[in-house]
Amino acid sequence: MNILSMRPFIVFAITMSLLIVLTGITSPSYGASKTPREYQLKAVFLTGFTKFIEWPNAAFSKANRRITLCVLGKHPFGRALNIAVARTNKRKRKGRRLKVRTIKKLKQIAACHILYVSKSERRRRSTVLRYAQHSHVLTVSDMKHFVKNGGMIQFYTRRNKVRFFINPKTVRHADLEPHGNLLRIADIVR
Amino acid sequence: MKTLLKQIFWCSYLLVAVFATTAHGTPLDEEEAMIEYLQELDFEQLTAIEVTLDEVFDVFDGLVKKRTVKVATGVEQSTARAPAVTTVITAQDIEAMGANNLNQVLEMVPGLHVARSSQNYSSLYIIRGVYSDNNAQVLLLINGIPIKSLFVGNRGMTWAGMSANVIARIEIIRGPGSAVYGADAFGGVINVITKSKDDIDGTEAGIRMESFDTQEAFLLHSDNWAGFDVALGLEYGTTDGHGAQIEADAQTQFDQIFGTQASLAPGSVNLEHDHLDAHLDISRDVWQWRADYQKLSDFGTGVGITQALDPSGKYTGERLNTDLTYHNLDLTENWDVTAQLSYVAMTIETSTPIGFFPPGAFGGAYPYGQISYLKMSERHTRLDLSGFYSGFKKHKVRLGTGYYYGEINEVVSRVNYGINRGQAIPPGTDLIDVSDTDFAFIPEKDRKNWYLFLQDVWLFAPDWEFTAGLRYDEYSDFGSTLNPRFALVWDTRPDLTSKFLYGRAFRAPAFGELYSISNAVALGNPDLEPEILDSWELAFDYRATDNLHLALNLFRYKWRDAIHFVANPGGETRTAQNARSQTGRGLEFESRWKMTKRASLLANYAYQESKDEEDQDAGNAPQHQAYLRTDWLVYPNWYLDTQVNWVGKRHRTSDDPRTSLDGYTTVDLTLRRKDIREGHWNLALGVRNLFDDDAREPSRGPTSRGIVSIPNDLPLAGRHFFMEMRYQF
């Protein structure tokens, strides 16, 4: 084999090995100066909502004791939501533990306590909300006009910060009780 | 000089790579640490924290983000767990690379090489050494619908890729997919998914200027109209093509034999064309309607239809593909159902008569040369129904059935040579209409096909998944075929997935291969059987860290009854026959690495060794291929994308006396200015084939007389530049 014709391959191999060696040398480190990702913050908000919402006892059963956090549609959270839930459960001494469920069918909503409606479900959002009306479920989404269309909590971003709208009336309509502290921080929509 | 330039480039490249890894510091697996940090804060503090927004251009993170594919089984699943070797290319990848056409994007897929055909310079998608002149062994789908010419078996005679602006993502299977897609999902499947409302943010318009007098303008728009989600795309472009020199052509060889001087070579390859692409996507609830239209006009003939240069011959090609899809996740508790009605129409027509041989050929008997006017339309209608049943524990069953009707019609054939109703056409006459006779280049024919498939995914142990699939196809013209697939997927460790895959595929003979009778170049054979491919694969997907993903696969295949146009003794014609078999094996390695927050690297290497029935190299496909792409945020809002593509030496087929075709390396740079936070403008500048390497793709092998029409192969574009401006309203 002509060694000259192999040159690009050799350079390719050397570049690769150098880069791989360098990853070995640079060790991972973490500083709070790093900027979190939007979905990481939203995952923390989602688990955090459980502290500020009270569900009626009827929302739980023997088989379903935990607070079920459902994600309907395409998952934007990666590992972040599972990490946030695992860490919340670890720290919990009292109160209900959490679990995450990814769902596709609308019938599965009946077993949820928090329902995050992904943007991928935009086309059937009104059907989703109609289904959710029959359960004690807190509906949350990033979709525009979600609260206006009957949803409870809607994330939005302004100047690279994550905030949320809440409609206390629809929340209470599902027999859920929002904490005053939550309403203080949120932008209230009536 | 060129060598020196190259050496300087490689040295600086190495330096840049080293700098990128060390200067920007910290490789990051700290999702847990970040969540922990955030959970320590109260809600008020959380609302004050600045975040990196998700839906912005972050090519570095995008490279290692979990990717899902639907192409493997019909259900969306992670690429790691999908029971096939798959690659996903996102709109963000396309933007980073500065690509404006599908053909420029696919080279990043390990083991896939985009070559060129001697016929109109159409792109050939060569996967794992499965090479043929027409490249009918790869199935290209747009939104799941085959774009497949009945005449040639490939994407049509005027396939020039498609506009990248309307592509949301591309999913690629390397290896067979007939158990899901039926015919022609043979060497691989490429599914292009076009943009819906969610993929377009309001209105975007742009222009692009490129070397070779190439100009393009486009508009994308999305909105909600009366409850309907609407996405629109429009693009118009014109190009002269790179016009590289062809030193000698088929007529040069005849000139040498007959002592004439008719050849137009040396001359330039004719790649000029104008294109118009229109895209529409309307959806509401469970319904979606999509339509794509492409018109290519003044389409040059490349190196000529008989590989004799033909600067004046031009085609007009049109394609319309449209589908109405119903997808209901909630039809009943356990059924997730999809119904799709689709229609594809393709038309090709010569706008200026095509020259078979130039004036002066055959001792000057034809004052205008041997010329021809051709027209042909194809229509393909499909109804596909499928459903997932999730009522069994640990099983996910998919059932599907469908019907296809395809026809070639409106065949018009006018020639000034050959035979008309049993009589030889005397040289010097005008074009004579031989349509609707046995002497038209292809008779008007149709094909019907219905199918039934069944697939089961069985989670038989906590980390083990077994997929079995079977598809039965019945064809009106060549009978039935049954294609199985099996896949065992094992989550060996939380960060490692191992797969063992087997699949069988078939390729239906194209009408040109079956029925073409008077075509001066290639003759059909109605007794052809489908081609068969059996493939075995062992694949590993290793997520070494959150920022480094590695994938490796080993494959082996056997391709039987391969249809080749075998040269006939005495003449310049070839007849289609199930003449060959080929075995191949190889490996593909890929690494995706987010080096820092501002730099990422994608590198892959593919090796394949394919042998014909005489144990000789099957030829024309590169044995070695490597691709490297880095993206780097050089300065706030300035992105630099570098692509290095090395295509190894191409051996010749056993009947081709030429020495192997040298490999080549192209280096492409794209510098983009994009303000992801509030910018409206998105500007890019790029250079392609920076070192002006003499890149060539193999031309067709010799005729039975041992004549190679284009001895010096098909040249690709040299160094060229582009500039792109986009504005987001």
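Select B:P266 to start: this proline sits in the loop of chain B between α8 (250-258) and β14 (267-268). Keep in mind throughout that the model is predicted. The peptide bond joining B:A265 and B:P266 is cis, with omega at about -5 degrees.

**Two loop residues with positive phi**

Stay in chain B and go to B:N143. The loop holding B:N143 runs between β6 (138-142) and β7 (145-146). Check its backbone: phi of B:N143 is near 55 degrees, a positive value, and the residue is not glycine. Is B:N143 buried or exposed? B:N143 is buried, at a relative accessible area of 7%.

Next, select B:D713. Look for B:D713 in the loop between β38 (696-697) and β39 (714-715) of chain B. Here too phi is positive in a non-glycine residue, near 65 degrees for B:D713. B:D713 has 4% relative accessibility, so it counts as buried, the cut-off being under 20%.

**Chain B as a whole**

Zoom out and show chain B as a cartoon. Chain B contains nine helices and 40 strands. Its C-alpha atoms fill a box of roughly 90 × 65 × 55 Å along the principal axes. A compact globule of 729 residues would have a radius of gyration near 27 Å, and the 26 Å of chain B agrees with that. Of those 729 residues, 61% count as buried.

Switch to a surface view. Chain B exposes about 27,700 Å², and carbon and sulfur atoms supply 57% of this area. Colour by charge next. There are 66 positive and 98 negative side chains in chain B, and the centres of the two sets are 3 Å apart.

**Chain A**

Turn to chain A. Its 190 residues include 49% that count as buried. Six helices and nine strands make up its secondary structure. The accessible surface of chain A is about 9,800 Å², with 53% belonging to carbon and sulfur atoms.

In soluble globular proteins, nonpolar side chains tend to be buried together.

Centre on B:F43. Its contacts beyond four places in sequence include A:F45, A:F49, A:F164 and A:I185.

Terms used
Residues are numbered from 1 along each chain as its sequence is written. Chains are lettered from A and ligands numbered from 1 in the order in which they are written. This is a predicted model: local features need pLDDT of at least 70, side-chain atom pairs count only at pLDDT 80 or more; totals for chains, interfaces and linings use all residues. Side-chain values use heavy atoms; hydrogens and water are left out. Helices (H or I, at least four residues) and strands (E, at least two) are DSSP runs, numbered from the N terminus. The radius of gyration is taken over C-alpha atoms; the globule rule is 2.2 Å times the number of residues to the power 0.38. Buried means under 20% relative accessible area, exposed over 50%, partly exposed in between (1.4 Å probe, protein chains only). Accessible areas come from the Shrake-Rupley method with a 1.4 Å probe; for residues, only the protein chains shown count as cover. Lys and Arg count as positive and Asp and Glu as negative; His and the chain ends are not counted. The place of a charge is taken as NZ of Lys, CZ of Arg, CG of Asp or CD of Glu. Contact means heavy atoms within 4.5 Å.
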